[in-house]
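Here is the note on the structure you asked me to look over. The points are numbered so that each can be taken up separately.

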Amino acid sequence: MMQPVTITYQGVVGLLENIKIHKACGPDGICGAILKRCAKVAAMFLTFIFDQSLNTGDIPEDWRQAIVHPVFKGGSTKRPENYRPISLTCICCKMMERVLVSSIVMHLEDFNLFYKNQHGFRRHLSCESQLIMLCQDTMSSVDHRNSVDLVFIDFSKAFDKVPHDQLIHKLKMYNLDQKVIGWVQAFLAHRTQKVIIDNSYSNEVAVTSGVPQGSVLGPILFLLYINDLPDKIKCKVRIYADDVVLYTEVMNNEPASDNLQADLDQLCRWCRDWKMSINVKKCAVMRMSGHKYSVTPNYFLNNLEVQVVHEYKYLGVHLSSKCSWQKHIEKIISKSNQMLRFIKRNFKGCPQTVKETVYVSLVRPLLEYASSVWDPSAEGTKHDIDMVQRRAARFVLNDYDRTSSVTNMLSNIGWDDLATRRKAARLRTMFDLYHGNSKLDVSDILLEPWYVGRNDHRKKIRRIPSRLLFYHNSFFPRTIREWNQLPQNMIEAENVKEFQKSLTGQNLR
């Protein structure tokens with residue numbers, strides 16, 4: 001049973017002092033700057049309000065309202081579906097939600113109630129951790145001469161379709177505190193929202209389903225709602241929030257797997273029972289295989305055939321049926337060059353520090369997102385990626401002379417080459433995995449070595465054999481080899497920050 005939630009004055013002061021003052025205020029008109037400046041005084045009143053709200057199961061009317069700002073995504077400006085709704089809710093309500101969320105998550109983690117392969121909105125898990133484990137499962141199977149069928153599921157407006165009564169039913173199944181459940185019921189009931197465009201407001205409309213957009217509590221509520229989806233599915237399931245992928249190993253390049261189709265039928269039954277809908281047009285099936293003439297099989301959802309693809313963008317990374325990262329790398333180089341050209345046009349007259357900040361904030365993250373997953377080994381590909389940074393260095397220093405050394409420019413600015421940064425990122429991830437700082441279960445991967453030499457460090461890991469080059473250079477086989485070559489003093493770092501400092505002085509080339 002979940003422990004009762006305790007709201008303390010010091011805890012509320014801490015929340016107030018950590019408010020980001022640039023955040024927009026909600027329907028109550030109370031801005032974060034005022035709350036932060038008056039933290040110790042405001043905390044006395046808010047502590048009483050929060051405590052009374054939790055004990056009585058009632059909340060202020062302002063906390064049930066949301067102001068929606070539509071943000072254009074692309075396509076025709078006349079189509080509502082081409083806008084992303086950004087909801088603004090009251091800052092004080094979000095603080096109350098943070099108090100409840102921390103207690104709910106602690107309860108769920110202590111009793112291991114989260115589905116183990118759900119990586120969305122959970123601490124020490126991320127898109128990158130999801131991709132690392134997915135690629136390890138699929139590429140190791142292909143390396144063993146088998147194929148893997150993957151079906152990517154797209155829910156239609158998943159967060160907006162959660163029925164409140166069924167959500168409350170599921171909250172009770174996880175033994176949450178009764179006061180918390182009562183507060184969530186009040187939080188979801190009688191909600192309204194209105195849209196603002198050019199300082200003009202629409203009429204208020206009732207929100208009768210879905211988890212509240214823009215809220216702190218909403219993501220956790222959705223995780224609990226979808227948490228039992230894999231219970232009756234036998235194939236492997238990985239979930240990131242509402243992004244679901246089912247996959248199974250197929251032996252000897254066989255036709256479509258009956259087990260996977262049975263699980264897809266089970267998924268459709270779950271959706272009917274819990275009033276969720278699948279957008280079959282946006283779902284896709286892909287077969288990862290090392291066979292040259294492998295044919296992707298057909299699968300069905302709600303008696304509709306799922307489209308067959310050979311490439312799929314999953315969590316921001318382009319996966320390929322041939323286990324190649326070439327398409328993804330070409331995409332990120334193109335996108336980074338496009339952003340760099342935008343920066344050159346708009347920041348050409350700015351000081352060096354501004355140019356450098358803009359590059360580090362807007363361009364380099366595009367080149368490094370989930371790099372532990374797709375880090376290339378070919379020198380030519382590494383060079384193509386580095387060329388983006390080299391062009392950025394010339395722009396930052398405003399030096400386009402052909403005789404100037406870009407290597408010296410990078411040294412003067414203090415930028416490491418991107419291959420070094422990618423390797424350091426992979427080793428930091430391995431440090432966390434080895435020391436249990438991540439929630440990933442890698443006990444069957446990080447095994448003790450068969451033999452430890454006199455010059456080896458005591459935390460050596462058994463190397464993973466590989467037959468094919470793409471698996472040989474994937475995260476675990478490649479990073480384990482590099483981990484085993486690190487000196488003893490680096491491996492014995494007390495925490496990841498010390499380990500990162502030691503990597504800075506280490507030649508990782």
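This is a predicted model: local features need pLDDT of at least 70, side-chain atom pairs count only at pLDDT 80 or more; totals for chains, interfaces and linings use all residues.

1. Basis. Totals for linings use all residues.

2. Nonpolar core. The largest nonpolar core has 151 residues. Those with the most contacts inside this core are Leu16, Ile153, Phe155, Ile278, Leu319 and Phe476. Helix α4 (residues 91-110) gives the core its largest share, 10 residues.

3. Ile278. Ile153 and Phe155 are, like Ile278, listed among the residues with the most contacts inside the largest core.

4. Salt bridges in general. Side chains of opposite charge can pair when their charged atoms come close. The count for this model comes to 16 salt bridges. A network of salt bridges links Asp375, Arg422, Arg426, Arg478 and Glu482.

5. Arg64 and Asp58. These two residues form a salt bridge in which the closest N and O atoms are 3.5 Å apart. Asp58, with a relative accessible area of 44%, is partly exposed.

6. Asp137 and Arg238. Here the closest N and O atoms of the salt bridge are 3.1 Å apart. The pair links distant parts of the chain, with Asp137 in helix α5 (residues 127-143) and Arg238 in strand β7 (residues 236-240), 101 residues apart. Asp137 and Arg238 are both buried.

7. Lys170 and Asp228. The salt bridge between Lys170 and Asp228 has its closest N and O atoms 2.7 Å apart. What does this pair tie together? Lys170 lies in helix α6 (residues 164-173) and Asp228 in the loop between α8 (218-226) and β7, so the bridge joins parts that are 58 residues apart in sequence. Lys170 is buried, as is Asp228.

8. Surroundings of α6. The buried residues of α6 are His164, Gln166, Leu167, Ile168, Lys170 and Leu171. An α-helix has 3.6 residues a turn, so residues three or four places apart point the same way. The buried residues of α6 pack against α7 (178-188), β6 (205-207), α8 and α9 (258-273). After α6 comes Asn175, which has a positive phi, near 60 degrees.

9. Thr381. This residue is found in helix α13 (residues 379-397). Thr381 counts as buried because its relative accessibility is 14%. Apart from neighbours within four places in sequence, Thr381 is in contact with Gln326, Ile329 and Pro376.

10. Cavity. The structure holds one cavity of 30 Å³ or more, and the largest cavity has a volume of about 60 Å³. Its lining consists of Ile132, Cys135, Gln136, Met139, Trp325, Ser372, Val373, Ser474, Phe475 and Phe476. At least two lining residues come from each of α5, α12 (371-374) and α17 (475-484), and α5 gives the most, with four. By class, the lining has seven nonpolar, three polar and no charged residues. Phe476 is also listed among the residues with the most contacts inside the largest nonpolar core.

11. Largest pocket. The volume of the largest pocket is about 1600 Å³. Of its 44 lining residues, Arg84, Pro85, Lys157, Asp160 and Gln213 lie nearest the centre. The elements that give two or more residues to this lining are β1 (65-72), β2 (83-88), β4 (191-197), β6 and α8. The largest share, six residues, comes from β4. The lining divides into 19 nonpolar, 14 polar and 11 charged residues.

12. Second largest pocket. The second largest pocket has a volume of about 730 Å³ and is lined by 29 residues. Met133, Arg238, Asp441, Asp444 and Ile445 lie nearest its centre; Arg238 is the salt-bridge partner of Asp137. Both α5 and β7 supply at least two lining residues, with the largest share, four residues, coming from α5. By class, this lining has 12 nonpolar, six polar and 11 charged residues.

Note on methods:
Residues are numbered from 1 along each chain as its sequence is written. Side-chain values use heavy atoms; hydrogens and water are left out. Buried means under 20% relative accessible area, exposed over 50%, partly exposed in between (1.4 Å probe, protein chains only). Contact means heavy atoms within 4.5 Å. A nonpolar core is a set of buried Ala, Val, Leu, Ile, Met, Phe, Trp, Tyr and Cys residues joined through side-chain atoms within 4.5 Å. A salt bridge is a side-chain nitrogen of Lys or Arg within 4 Å of a carboxyl oxygen of Asp or Glu. On a 1 Å grid over the protein atoms alone, a cavity is a set of points where a 1.4 Å probe fits but cannot get out, and a pocket is an open set with protein on both sides within 12 Å along at least five of seven lines; lining residues have an atom within 4 Å of a point. Grid points are joined across faces, edges and corners, and a volume is the space filled by probe spheres set on the points. Ala, Val, Leu, Ile, Met, Phe, Trp, Tyr, Cys and Pro count as nonpolar, Asp, Glu, Lys and Arg as charged, and the others, Gly among them, as polar.
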